[in-house]
Amino acid sequence: MDLGLKGKIVVVTGAAGIKGSIGETIVQHLANEGAIPVIVCRNDRGIGYEKELQDKGIDALFVKTDLSDHKQIEAAAQVIDKKYGRIDALINNVGVNDGVGLDASIADFMRSLQLNMVSFFAMTKYCLPMIKKVKGNILNIGSKVALTGQGGTSGYAASKGGVIGLTREWAVDLIKDGIRSNAIIIAESWTPAYHNWIKTLENGEEKLKSIVKKIPLENRMTTPAEIADQCLFTISEKSSHTTGQFITVDGGYVHLDRSLLTE
């Protein structure tokens, strides 16, 4: 299916992660559709990703930005505005499940909110004039932790709960401008970071098996590619009448009847 993304300016935050991470995978899928990816991230891997894409003839851009600093976010928006003057879609993807729990300091909690939620607000605020120019849309990457809790990660849970609230609030705020706002909710996805986490556990393989067998559809984790495909469909005009929605891509992990899990 041609999603009509060719030549579209799509900004993706936190997209200079390890190869195969969700943000990086979204960028690659955008490039395959002929879109123009703008990577906004603090990691210098973005330099290499920009060059790789440009070597393929894709007009990609990397803007090195600490997304926990709203002044750097404002500066990044100015760079994007100067080069392109418009944004067809903003994908707020950055997020770190940082384990800031009730035993953490208030300062640590605030830092978690700053990266995992305030960055979404700041990016949207500073990019909004460019989005309005072309009636673009906003897509926030959320987490099942906002719906289920996890334990030991108050900062991330609060942030992702806030992201869900902002998604629907912006859908209301911007409906008069013809701008859509949606969220993708992720549960268990087999990313490089997840793989690295499993390797740190003494009983990692057993833990992995116990998680996978609780995912109803096919007893497997969601792939970053499946998440990227859903993102691209949602920001495209194929989803032109979808706004204020939380789209869960998780093989039924969060919402389906637990009776499906009996062996």
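The model is predicted, so a local feature is described where pLDDT is at least 70 and side-chain atom pairs count only at pLDDT 80 or more, while totals for chains, interfaces and linings use all residues. Residues are numbered from 1 along each chain as its sequence is written, and side-chain values use heavy atoms, leaving out hydrogens and water.

**The chain as a whole**

- The secondary structure comes to 9 helices and 7 strands; these are DSSP runs numbered from the N terminus, with helices being H or I of at least four residues and strands being E of at least two.
- With a radius of gyration of 18 Å, close to the 18 Å that the globule rule gives for 263 residues, the chain is as compact as a globular protein of that length. The radius is taken over C-alpha atoms, and the rule is 2.2 Å times the number of residues to the power 0.38.
- The C-alpha trace spans about 55 × 45 × 40 Å along its principal axes.
- Of the 263 residues, 49% count as buried, a word that stands for under 20% relative accessible area, with exposed being over 50% and partly exposed in between (1.4 Å probe, protein chains only).
- Among contacts between residues at least 6 apart in sequence, 75% join residues at least 24 apart; contact means heavy atoms within 4.5 Å.

**Helices H4 and H6**

- Helix H4 (residues 106-133) packs against helix H6 (residues 154-174) at an angle of about 20 degrees, and their axes are 7 Å apart. Axes are lines fitted to C-alpha atoms, for helices over the stretch in contact, and angles run from 0 to 180 degrees between N-to-C directions.
- The residues of the contact of H4 with H6 divide into 12 nonpolar, 7 polar and 2 charged. Here Ala, Val, Leu, Ile, Met, Phe, Trp, Tyr, Cys and Pro count as nonpolar, Asp, Glu, Lys and Arg as charged, and the others, Gly among them, as polar.

**Helices H7 and H8**

- The axes of helix H7 (residues 192-200) and helix H8 (residues 204-212) come within 7 Å and cross at roughly 130 degrees, and the two are therefore oblique to each other.
- Tyr194, Trp197 and Ile198 of H7 make the contact with Gly204, Lys207, Leu208 and Ile211 of H8.
- By class, the contact of H7 with H8 has 5 nonpolar, 1 polar and 1 charged residues.

- Met130 sits in helix H4 and is buried, with a relative accessible area of 3%. Not counting residues up to four places away in sequence, Met130 touches Ala77, Ile80, Asp81, Gly85, Arg86 and Ile87.
- The C-alpha atoms of Met130 and Arg86 are separated by 4.3 Å, although the two are 44 residues apart along the chain.
- Glu24, in helix H1 (residues 22-32), counts as buried at 4% relative accessibility. Tyr49 is one of the residues that Glu24 touches, not counting those up to four places away in sequence.
- Glu226 is found in helix H9 (residues 224-235) and counts as partly exposed, at 30% relative accessibility. Not counting residues up to four places away in sequence, Glu226 touches Arg220, Met221 and Val249.

Key:
Angles under 35 degrees count as roughly parallel, over 145 as roughly antiparallel, 65 to 115 as roughly perpendicular and the rest as oblique.
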